[in-house]
Amino acid sequence: MRYSALSIFLNALSGNRHWQPAWREPAPKPHYDVVIVGGGGHGLATAYYLAKVFGVRNIAVLEKSYLGSGNIGRNTTIIRSNYLLEGNQPFYEFSLKLWEGLEQDFNFNAMVSQRGVLNLYHSDAQRDAYTRRGNAMLLSGADAELLDRDDVRRMLPFLDFTNARFPIRGGLLQRRGGTVRHDAVAWGYARGADALGVDIIQHCAVTGIRREGDRVTGVDTTRGTIGCGKLALSTAGHSSVTASLAGLRLPVESHVLQAFVSEGLKPFIDNVVTFGAGHFYVSQSDKGGLVFGGDIDGYNSYARRGNLATVEHVMEAGVAMIPGLSRIRALRSWGGIVDMTMDGSPIIDKTHLPNLYLNAGWNYGGFKATPAAGWCFAHLIARDAPHEVATAYRLDRFARGYLIDERGAGAQANLH
Ligand SMILES: Cc1cc2nc3c(=O)[nH]c(=O)nc-3n(C[C@H](O)[C@H](O)[C@H](O)COP(=O)(O)OP(=O)(O)OC[C@H]3O[C@@H](n4cnc5c(N)ncnc54)[C@H](O)[C@@H]3O)c2cc1C
């Protein structure tokens, strides 16, 4: 069923009794050409583009819980393509272009809102670094504008411009960046993939990977054994766990990343703003809540709880940027487990097993990457060759020394 104003009107006339479920609940078949492990944004987008763009039809997505239960439904919804390094920038710009046409493409309202992403700078050196980044963005075809303090003051008069330690000097603005309703992305891709014949199997955890020699032949799951021609792992914060089922040890640590939402307020933040003197990012949802977050918790964990020290750290940075935040009540906080690689950048690559493919290493920026990661991973699976914007995301770059260290933090995962 195609969603449109006409379909809403016609269904209203018949008492809304004829809406179809957005996707089927099929029983697993004994064998698929491609099995994708992980029904998050990336796994579902991979299935959608495999079917739609690359013509693969016999596909299953296996999800251990329900759709949207992972990081796709836990993130702070920010999309942007404001990167410096050539291994990253064209990839994220490709993703932003896909976001721009996504709702029409999969016929689902994901509330894509290009409200602008503003990164504040607080010193001359930081302004120079942002100028360089803005130039790299322009060279890749993205948009970027360097703002001075008066420009920023006109947009966001309530920021603390004269903070003694971190005075705000200006910002780097990407107007095409913004936010997207995160769980609607999972639902939109799921509905689109299902319509193309993909079997989406929820509550089906993969517990083992079957092999004959070097070839993967199938997976053991909580719903029986399922054979496959190709196996694709896309399990976000659990990449190390699923890869270990095939004997792989990844250059990845697992950390919790927390997010927060405040009580509902009248609209006052029109865009996404990030602090340049600490890790803090904030936007305002359509319901009025401020949605914000900061650094990952510094220790390795699979617990989604999160640590109070990080809560304090995030709040401190927020209040340093917007003093008025101290008078607002935080309503909820939650966490998600993210992969952190040694250079902070992801992996989209084949593995040492010829029919096992890996999409991993996604941390702070994995949501905005969803369309491009899905497209590029589908390209790799269908054609056995990397997409041109994802050639740098190789698994062996850590051994070869070709790191993509966007933050310049060195080989310490929790610092990226
Ligand atoms: C608090 C927080 C805030 C964030 N904010 C942003 C942001 O503002 N912008 C941005 O770009 N990124 C952000 N991210 C990162 C982004 O959300 C993730 O990088 C991205 O969602 C990961 O890809 P995914 O959607 O496929 O992950 P997930 O939704 O986590 O999907 C992986 C799926 O694999 C399933 N799975 C795991 N093991 C198995 C198994 N054995 N068998 C079957 N299924 C399995 C899981 O249940 C899960 O559903 C944030 C993350 C968090 C936690």
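A nonpolar core is a set of buried Ala, Val, Leu, Ile, Met, Phe, Trp, Tyr and Cys residues joined through C-beta atoms within 7 Å. A residue is buried if 20 or more other C-beta atoms lie within 10 Å of its own, exposed if 12 or fewer, and partly exposed in between, with C-beta atoms placed from the backbone. The model is predicted: local features need pLDDT of at least 70, side-chain atom pairs count only at pLDDT 80 or more, and totals for chains, interfaces and linings use all residues. Residues are numbered from 1 along each chain as its sequence is written.

Start with the core. The largest nonpolar core holds 111 residues. Val34, Val35, Ala47 and Ile59 have the most contacts inside it. Helix H9 gives the most to this core, with eight residues. Domain 1 (24-77 + 182-251 + 343-400) and domain 2 (114-176 + 253-341) each supply at least three residues to the core. In soluble globular proteins, nonpolar side chains tend to be buried together.

Two residues show the packing in detail. Contact here means that the C-beta atoms of two residues, placed from the backbone, lie within 7 Å. Leaving aside neighbours within four places in sequence, valine 34 is in contact with Leu50, Val56, Ile59, Cys228, Gly229, Lys230, Ala232 and Ile381. Isoleucine 36 belongs to strand E1 (residues 31-37). Helices (H or I, at least four residues) and strands (E, at least two) are DSSP runs, numbered from the N terminus. Isoleucine 36 is buried because 34 other C-beta atoms lie within 10 Å. With neighbours up to four places away left out, its contacts are Gly43, Thr46, Ala47, Ile59, Val61, Ala232 and Ser234.

Now follow helix H9 (residues 370-383). At 1.5 Å a residue, its 14 residues should span 20 Å, and the end C-alpha atoms are 20 Å apart, which agrees. The expected span is 1.5 Å times one less than the number of residues. H9 is mostly covered, with twelve of its 14 residues buried. Among these buried residues are Trp375, Cys376, Phe377, Leu380 and Ile381. Just after H9, aspartate 384 takes a positive phi of about 55 degrees.

Helix H1 (residues 5-13) is hardly covered: the count of buried residues among its nine is zero. Just after H1, glycine 15 has a positive phi of about 70 degrees.

Next, the domains. The protein is divided into domain 1 and domain 2, with bounds that come from an automatic or database domain assignment. Their C-alpha centres lie 30 Å apart. The contact takes 20 residues from domain 1 and 14 residues from domain 2. On the domain 1 side, these divide into five nonpolar, 13 polar and two charged. Ala, Val, Leu, Ile, Met, Phe, Trp, Tyr, Cys and Pro count as nonpolar, Asp, Glu, Lys and Arg as charged, and the others, Gly among them, as polar.

The ligand comes next. Both domains give residues to the shell around the ligand, so it lies between them. Of the 40 residues around the ligand, Gly38, Gly40, Gly70, Gly336 and Gly366 come nearest. A residue is near a molecule if its C-beta atom, placed from the backbone, lies within 6 Å of it. Helix H2 (41-52), strand E12 (252-264) and strand E16 (330-341) are the elements that give two or more residues to this shell. By class, the shell has 13 nonpolar, 23 polar and four charged residues.

Strand E12 also holds glutamate 263. Glutamate 263 counts as exposed because it has 12 C-beta neighbours inside 10 Å. Beyond four places in sequence, it touches Gly289, Ile328, Arg329 and Leu331.

Finally, look at two loops. Most residues other than glycine have a negative phi, and most peptide bonds are trans. Histidine 203 has a positive phi near 55 degrees. Histidine 203 lies in the loop between strand E8 (199-201) and strand E9 (206-212), and is partly exposed, with 13 other C-beta atoms within 10 Å. Alanine 236 has a positive phi of about 45 degrees. Its place is in the loop between strand E11 (224-233) and helix H7 (239-244). Alanine 236 is buried, with 26 other C-beta atoms within 10 Å.
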